[in-house]
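Work through the exercises below with the sequence and the 3D view at hand. Try each task before reading its solution.

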Amino acid sequence: MTLAGRIAVVTGATGVLGGAVARGVVRAGGSVGILGRSFERAEELAAELRGDGADAHAFVADVLDEAQLRSVRDAVVERWGSIDVLVNAAGGNMPAATVGEDSFFELSTQAFDDVVRLNLDGTLLPVRVFGEAMLAEPFPEGGRSIVNFSSMAARRAMTRIVGYGAAKAAVDNLTRWLAVELGRASGGRLRVNAVAPGFFVAAQNRSLLLDADGSPTSRGATVLAHTPAGRFGKPDEVAGAVVWLASAASSFVTGVVLPVDGGFDAFSGV
């Protein structure tokens, strides 16, 4: 489970789960490039990690801008010499792509396209850009690893989040396709997997899951009733799964979408 000597890039690292992954990488001994759209937020996390003795650096790019991604890739390679781990944690839902008071038939097709682009293209483009560098020799012991972020919404139909669920289902399929393509191109030394988080409280979904006093909303209570663990997840619990998939401890694991959900996907509700 060590990432000692490994160089990792984490997109969406200024978010709750992406930030937890960046912290998990450095706890496992790796160096981390923190990639986000806000330099201030990325540098705040990088400074925190450097204060703990980690090798961390902030980079700015939009995951939908290939030119910006290429600039960051070149800067990472210049700084550290290689890229061993890519974690695609950027993504999320958009209010306009959510079926709420308006019906599905009134949903904006542009909003639907936007949320699919953020999550699907926001995974595809970093893999195209950083993955190209990750095929470079020499490979470290145990190979290199790409870890995408899927969601329980890809596996189970959930009310409201039609665009997000469709986008993450596409990420699942893309993950498996890339595992085959990049595995064959690298002689099995570049693996591609994904994590599918269950329900974790973050800025985007806090009001959906929790009332102002911290008690579960009606939707939050339904989620908990369908989660055998009986609670929402903790960000470090996703980070631990990502570190495992990024490390040589999982060197014969590729093409997997790993639920990190407290049993939500296993339970029928009956």
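Predicted model: local features only at pLDDT ≥ 70, side-chain atom pairs only at ≥ 80, totals over all residues.

**Exercise 1. Which residues does T175 touch, leaving out those up to four places away in sequence?**

Step 1. List the contacts. T175 touches N148, V192, N193, A194 and V256.
Step 2. Check the cover. The relative accessibility of T175 is 0%. Buried means under 20%, so T175 counts as buried.

**Exercise 2. In what order do the 7 strands of the open sheet lie, and which strands stand at the edges?**

Step 1. Read across the sheet. The order is β3-β2-β1-β4-β5-β6-β7.
Step 2. Check the direction. The pairing is parallel. Strands of a sheet pair through backbone hydrogen bonds.
Step 3. Find the edges. These are β3 (56-60) and β7 (257-260). Each has a single partner strand, so one side of each lacks a neighbour in the sheet.
Step 4. On average, neighbouring strands are turned by 20 degrees against each other, direction ignored.

**Exercise 3. How many bridges join β5 to β6, and which residue in β6 is the bridge partner of S145?**

Step 1. Locate the strands. β5 covers residues 144-149 and β6 covers residues 190-197.
Step 2. Count. The two parallel strands are joined by 6 bridges.
Step 3. Pick out the pair. S145 has R191 as its bridge partner in β6.

**Exercise 4. With which residues does R70 form salt bridges?**

Step 1. Take E66. The closest N and O atoms of R70 and E66 are 3.0 Å apart. The cut-off is 4 Å.
Step 2. Explain the spacing. R70 and E66 are about one helical turn apart, because they are 4 residues apart in helix α3 (residues 66-80).
Step 3. Take E132. The side chains of R70 and E132 meet in a salt bridge at 3.5 Å, N to O. This pair links distant parts of the chain: R70 is in helix α3, E132 is in helix α4, and 62 residues separate them.
Step 4. R70 is partly exposed at 29% relative accessibility. E66 is partly exposed at 26%. E132 is partly exposed at 49%.
Step 5. Widen the view. E66, R70, R73, D74, R128 and E132 are linked in a salt-bridge network. Within it, D74 pairs with R73, with the closest N and O atoms 3.3 Å apart. D74 is partly exposed at 43% relative accessibility, whereas R73 is buried at 13%. The structure holds 15 salt bridges.

**Exercise 5. Is A13 buried or exposed?**

Step 1. Read the value. A13 has 1% relative accessibility, so it counts as buried.
Step 2. Name the contacts. Not counting residues up to four places away in sequence, A13 touches G18, G19, I34, L35 and L45.
Step 3. Note a pair of C-alpha atoms. Those of A13 and R41 are separated by 9.1 Å, and the residues are 28 apart along the chain.

**Exercise 6. Which residues form a nonpolar patch on the surface?**

Step 1. Name them. They are F104, F105 and V162, with about 350 Å² of accessible area together.
Step 2. Inspect F105. This residue lies in the loop between β4 (85-88) and α4 (109-134). F105 is exposed, with a relative accessible area of 77%.

Terms used: Residues numbered from 1 in each chain as written. Heavy atoms only, no water. Patch = residues over 30% accessible without salt bridge, like charges linked within 9 Å, V, L, I, M, F, W, Y side chains within 5 Å. Areas by Shrake-Rupley, 256 points an atom, 1.4 Å probe, with all protein chains shown as cover. Buried < 20%, exposed > 50% of the residue type's maximum accessible area, 1.4 Å probe, protein only. Pairing = 2+ DSSP bridges. Axes fitted to C-alpha atoms, helices over the stretch in contact; angles between N-to-C directions. Contact = heavy atoms within 4.5 Å.
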